[in-house]
Amino acid sequence: MGLTEEELQEHFNDENGGDELTAKQANNVLCTCEKNPLPTEVVVFFENEGLGPGGTITFEQFKRLYDSIADPTVEDLAEALKVFDRNEDGTIDKEELREILLRRDDVSSDITGDLDDETIDAIFNAVDSFGDNDGYISCTELATFLIENKTFRVEPSEDQE
Ligand SMILES: [Ca+2]
Ligand SMILES: [Ca+2]
């Protein structure tokens, strides 16, 4: 496991001609390198680098991203998700959840634009009922949900199964 720096650089260059990569492109390269990150891990890395949606990373940053991807435990991911608890109240409210989902899905799919309130409500309730159903989402509940439902996709205006 693990590629040499030369191999990494080659994969990096293949994606965008050696230029900086968006979150989606970085995710593509990670998958090529058989890292298979949770989309949320890439989003958290970009956020911690001070990069919002549309931000791009250099090869140096990509190397650090590559090294940071490692099948996170619930505890690891919950800790990382705290960066999105914008008002630091210990819970992820619907607006905070919306931002995470939008950026995550921008990484893993071609969803763009807004998520309507009904979609956010449905996902919020799904995450909470996956946990303790107390009307709030903790970082731990969200991390558990994202790890247990790796293939979970936001599908606006689709009925829940
Ligand atoms: Ca919060
Ligand atoms: Ca809860």
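**Reading the helices and domains**

Modeller: Helix α1 (residues 5-16) has twelve residues and spans 17 Å from first to last C-alpha, close to the 16 Å expected at 1.5 Å a residue. The expected span is 1.5 Å times one less than the number of residues. Helices here are DSSP runs (H or I, at least four residues), numbered from the N terminus. After α1 comes Gly17, with a positive phi near 65 degrees.

Biologist: What should I know about the model itself?

Modeller: This is a predicted model, in which local features need pLDDT of at least 70 and side-chain atom pairs count only at pLDDT 80 or more, while totals for chains, interfaces and linings use all residues. Residues are numbered from 1 along each chain as its sequence is written, and chains are lettered from A and ligands numbered from 1 in the order in which they are written.

Biologist: At what angle do α5 and α8 pack?

Modeller: Axes are lines fitted to C-alpha atoms, for helices over the stretch in contact, and angles run from 0 to 180 degrees between N-to-C directions. Helix α5 (residues 74-81) and helix α8 (residues 139-148) pack at about 120 degrees, their axes 8 Å apart. The pair is therefore oblique (under 35 degrees is roughly parallel, over 145 roughly antiparallel, 65 to 115 roughly perpendicular, and the rest oblique).

Biologist: Which residues of α5 make the contact with α8?

Modeller: Two residues are in contact if their C-beta atoms, placed from the backbone, lie within 7 Å. From α5 come Val74, Leu77, Ala78 and Leu81, which meet residues of α8 including Leu142 and Ile147. By class, this contact has nine nonpolar, two polar and no charged residues (Ala, Val, Leu, Ile, Met, Phe, Trp, Tyr, Cys and Pro count as nonpolar, Asp, Glu, Lys and Arg as charged, and the others, Gly among them, as polar).

Biologist: How do α2 and α6 cross?

Modeller: The axes of α2 (residues 23-32) and α6 (residues 94-108) come within 7 Å and cross at roughly 50 degrees, which makes α2 oblique to α6. Ala23, Lys24 and Asn27 of α2 touch Asp106, Val107 and Ser108 of α6. That contact has two nonpolar, two polar and two charged residues.

Biologist: Where are the domains?

Modeller: Domain bounds come from an automatic or database domain assignment, which gives domain 1 (5-68) and domain 2 (74-148). Twelve residues of domain 1 are in contact with eleven of domain 2. On the domain 1 side, α3 supplies the largest share, seven residues.

Methods:
Helices (H or I, at least four residues) and strands (E, at least two) are DSSP runs, numbered from the N terminus.
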